[in-house]
Amino acid sequence: MFKRIAAILLAACMTISFASCNNGEGGQDPTQGKYDTLVIGVSPLNGVFSPFFYTSAYDAQVIDMVFSPICVLDADNVMIPAAGSISAEQIDGDNGQVQTKYTVKVQEGMKFTDGEPVTIDDVLFTYYVYLDPNYDGMGTMNTLPIVGLNEYKYDTPDYSQKIAEFQQQSQNITDEELDAFVEKYTDLDMQNYGAAYINEALGLGLDESAADFEEQVRAAYLAMNMESKEDLRADAQADKYDQLIAGFVTGNLSDGIDVESISGIERIDDYTCTVLVDGISITADRQLALQPILPEHYYGPDFQKGDLSAVHAKDAAPMGSGPYIFQSYNNNIVSLTANPDYYKGEPKIKNLKFQVVSEDDKVNATILGDIDITDPSASIEVMEQLHEEGIEYSLVDNNGYGYIAINAKRVPDINVRKGLMHLMNRGPAIEAYYGELAEVIERPMTTTLAEYPDDATEYYGYSPEKAAEYFEKAGYTKDASGKLVNSDGEQLSIEIGIGELSNHPAAGILTQMKIDMDALGAEFIISDMDPNVLFDRMQNDDLDMFVAAWGNANDCDLTQIFSSSSTVPGGSNRVWLQDEELDKLILQSTQTLDLEERSEIVAQELDIIMDWAVYMPIYQRKNLIIYNPEVVNTDTLPERVTTYWTYASEIENLELH
Amino acid sequence: MKQYIIRRILISIFVLFGVSFLLYAIIRMMPGDFISQVTSGNPQITEEMKENLRALYGLDKGIIEGYFSWAKDAIRGDLGTSFVYKQPVTQVIGDRMWVSFALAGTAFVLQLLIAIPLGVLAATKQYSKTDYTIVAVALAGISLPSFFFAAVLKRIFAVELGWFPLQGMVTARADLEGMALFLDMAWHFVLPVTVFVVTSIGGLLRYTRTNMLEVLNADYVRTARAKGVSEGKVIGRHAFRNTLIPIVTMVGGSLPSLFAGAIITEGIFSIDGLGQTALNAIHNGDIPFLMGYNMFIAILTLLGTLIADILYAVVDPRVRYN
């Protein structure tokens, strides 16, 4: 019996492998060179190929092939015209403030892949989707102060008056309202954290086995909150304001559309429009022009303000005017074919496929010839393997950086923070982990930005002696048992959160810190946790220190990360850096169009941040792109491959063997 | 019987309600949500934008309120739209379910074909070299972690020998259709199916062996032998048929695992099945998908146990449910 089964299995396997061998080379055309299909390996796709709604960087790779943006970034992160162009002009607005008028143009004679012409109406349609009150994608165009945007968003012509009213109303909180909010706040916490957790976290010491345990915890917790209810007044005000606003928005759209269009956006002719933005901004032109153009006749015939379902319906089937035409996505493979009408010329490679490959297989699958181009994470071992197998590659800087942060709300004494800074020995740790694939940076900004101060020097060198001095300045001395304690006899204790410690470039730094802190008599707790937990605790100001990274930065605007306004709950300033001087500089830098002048301001900003001792930049790492030279004609790659300019930027010129 | 089935189905509805609420509460209590996941690390996102998005995705509601709004739609068959995949949850599950089923189903059939005969063989030759070898191999299979065994198979059969593809579902470079596509896919599934079969065959095999041994020691088998019935007939007709009873119920109970997908194996071989999708959904806090997926598994589990119980009555005339 067994023998027979084994024989059948073997025969089946052999038939299958023969069949596959015969068909494996089927996609070739002898007149066109050996290969006519380029296979790009990508990490798992979500299949959301809509520029409006994608959330994965790998979906974005597919999107980039299907759509043509108005402008693109060149190799040096400078915006250059592509399917269109943008120009700016400063004017004096009605209210006496400076405004910027952007003129957006699209090239004449371009066609979408279904043959319809590309006009400014498609650009306007794209803008209106991004700016819709119910837009639920991750695009940030709706953060721009476009004239008339708020009136459109809140669907009311007298928006500013309403907002002022709401602000006024929410400031006046009655005692009853405050009490009601405290109850709501308590119940929400009870719901979200559970009675057992609250009991333990607050040290209430109630008996869990009691029948009315939950009510007891709620009562105790409510009493605690009531006692400190004045602390919650600001939250209560914000809550009331949110409620007023929320009621306002739904209230406004449900009674029909009152504001049909955004007054600051104007159609000039078939190929031109203007967008009026309050103030001067270094990012507004990018927000407006680094956008793909989506065909209105395809995505938008049923699009109505406030209802994006018709636009969402096309999420899985993109159509644009880019170098390739989307054909299908199934079996984890996206198939695209060359667009003969592409405005930069028909791509030389006929077929383009994106195949899902797990991170661990990217290099092996390239060596085996299954895929031709992919982006494995760079490590010393991977680089050795590439050299051995003769696989070609490009190394480009990642547009982000890794850092160690200290929460100033939890560690308020700047001397303690400075002491901790002096215990971070970055060089050896980064060298050991990355070799030449990363460098230590001295300011919290990616070096891919032109504004990064190249002459910046080390702010806090590694020195346990200096750290000891700073701790002493902060009032910490060694007691009889060798513990580092303050005047109240409390030991210096710091908890740092990190995700995936076992394979983290900062692990070496933390280990050294732990040894040095132990030697000094202080406690240093390294908490290794799931990234989601880390993020949650960081958001709730529940960690003294944490290790994280920023990505995706192509401008030097530090508002979200370092301005005082971003310390609100959920904001990105999770180190509680609140500095008026810095706020002013950040605002100034975002309005300074001259690069040299702006760089000087940014350098000052970064010095202030360093002096606060809340952010220790660790590394600027490199991203790896590998090419299989058997298939890809690497002579046809762009001359200079950088963070902002890769093979994909000139895909129409790429050739295969 | 009819009454019994109706009663079981009615109870199942209550069970499903309880299960769905528990699941919803647990999913909502996971740290981090979809919005913080997709916006993390992006310095351009403002707090106002995040709040607005949370409201649009219904994440600003409390657990109780959120559950009832989910349940209201779910009863009407609307499981919502997946946050991550931006498609109706039923479609996301429907698209990937058959891939997972193809893998698990093939592996399951192979498992039955291999495990049952081997189990019977081991039992009939108890304490012989054959028995020890079969049991030792089966145990080795159970003990192998799938990620490790998959890595070994890939190293040997894909990287070194080049007999099978390293990963993926089809050959991307070739535009295959029809039968050729089917064969290409089958070729890609050989290694993952091998992982499934080898790592899970031991359970069924040992189950068969134990049951067979029990039956072989039963009085009626001894009587049959005493009557002079040939050994082949004793095993084939008298012993094996009775061994089938518990096996059939076990097969019924494995219904959910055929559709649920295999998180690890699918991930290692880059197969777009439900397991891999569910893992991605957990990482991203995709509440509608996770609810839909978990309810799907819950329904299959209830259905599986019901089928097992019914089959029990079918194959064993001693069992009556009325």
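Helices here are DSSP runs of H or I with at least four residues, and strands are runs of E with at least two, each numbered from the N terminus. Read in that way, the elements of chain B run α-α-α-α-α-α-α-α-α-α-α-α-α-α from the N terminus on. That amounts to 14 helices and zero strands. The model is a predicted one, and its overall scores are ipTM 0.86 and pTM 0.82.

The C-alpha trace of chain B spans about 85 × 60 × 35 Å along its principal axes. Of its 322 residues, 38% are buried. Among the contacts in chain B with a separation of 6 or more, 71% are between residues 24 or more positions apart. Confidence in chain B has a mean pLDDT of 87, with 99% of the residues at 70 or more.

A residue needs 20 or more other C-beta atoms within 10 Å of its own to count as buried. Of the nine residues of α9(B), the number that are buried is zero, so the helix lies largely in the open. Just after α9(B) comes G228(B), which takes a positive phi of about 90°.

The other place is Y312(B), which belongs to helix α14 (residues 287–315) of chain B. Y312(B) counts as partly exposed because it has 17 C-beta neighbours inside 10 Å. Apart from neighbours within four places in sequence, Y312(B) is in contact with T249(B) and V319(B). The C-alpha atom of Y312(B) is also separated by 7.7 Å from that of P246(B), although the two residues are 66 apart along the chain.

Chain A has both kinds of element, with 22 helices and 20 strands. Its C-alpha atoms fill a box of roughly 85 × 70 × 65 Å along the principal axes. The radius of gyration of chain A is 29 Å, which agrees with the value near 26 Å that a compact globule of 657 residues would have. Buried residues make up 38% of the 657 residues of chain A. Of the contacts in chain A between residues at least 6 apart in sequence, 69% join residues at least 24 apart.

Within chain A, one helix pair gives a clear case of packing. Helix α15 (residues 414–421) of chain A packs with helix α17 (residues 464–473) of chain A at an angle of about 170°, and their axes are 8 Å apart. Angles over 145 degrees count as roughly antiparallel, and α15(A) is therefore roughly antiparallel to α17(A). On the α15(A) side the residues that meet the partner are N415(A), V416(A), K418(A) and G419(A), and on the α17(A) side they are A467(A), Y470(A), F471(A) and K473(A). By class, this contact has four nonpolar, two polar and two charged residues.

V259(A) is in the loop between α9 (233–254) and β6 (265–269) of chain A. With 19 other C-beta atoms within 10 Å, V259(A) is partly exposed. Leaving out neighbours within four places in sequence, V259(A) is in contact with E151(A), Y152(A), D155(A), T156(A) and P157(A).

Chain A averages a pLDDT of 87, and 94% of its residues score at least 70. Over residues 1–31 of chain A, however, pLDDT stays under 50, and the model has 33 contacts beyond four places in sequence for that stretch. Where pLDDT is low, predicted coordinates should not be read in detail.

Technical notes:
Residues are numbered from 1 along each chain as its sequence is written. Chains are lettered from A and ligands numbered from 1 in the order in which they are written. This is a predicted model: local features need pLDDT of at least 70, side-chain atom pairs count only at pLDDT 80 or more; totals for chains, interfaces and linings use all residues. Axes are lines fitted to C-alpha atoms, for helices over the stretch in contact, and angles run from 0 to 180 degrees between N-to-C directions. Angles under 35 degrees count as roughly parallel, over 145 as roughly antiparallel, 65 to 115 as roughly perpendicular and the rest as oblique. Two residues are in contact if their C-beta atoms, placed from the backbone, lie within 7 Å. Ala, Val, Leu, Ile, Met, Phe, Trp, Tyr, Cys and Pro count as nonpolar, Asp, Glu, Lys and Arg as charged, and the others, Gly among them, as polar. The radius of gyration is taken over C-alpha atoms; the globule rule is 2.2 Å times the number of residues to the power 0.38. A residue is buried if 20 or more other C-beta atoms lie within 10 Å of its own, exposed if 12 or fewer, and partly exposed in between; C-beta atoms are placed from the backbone. pLDDT is the predictor's confidence in each residue, from 0 to 100.
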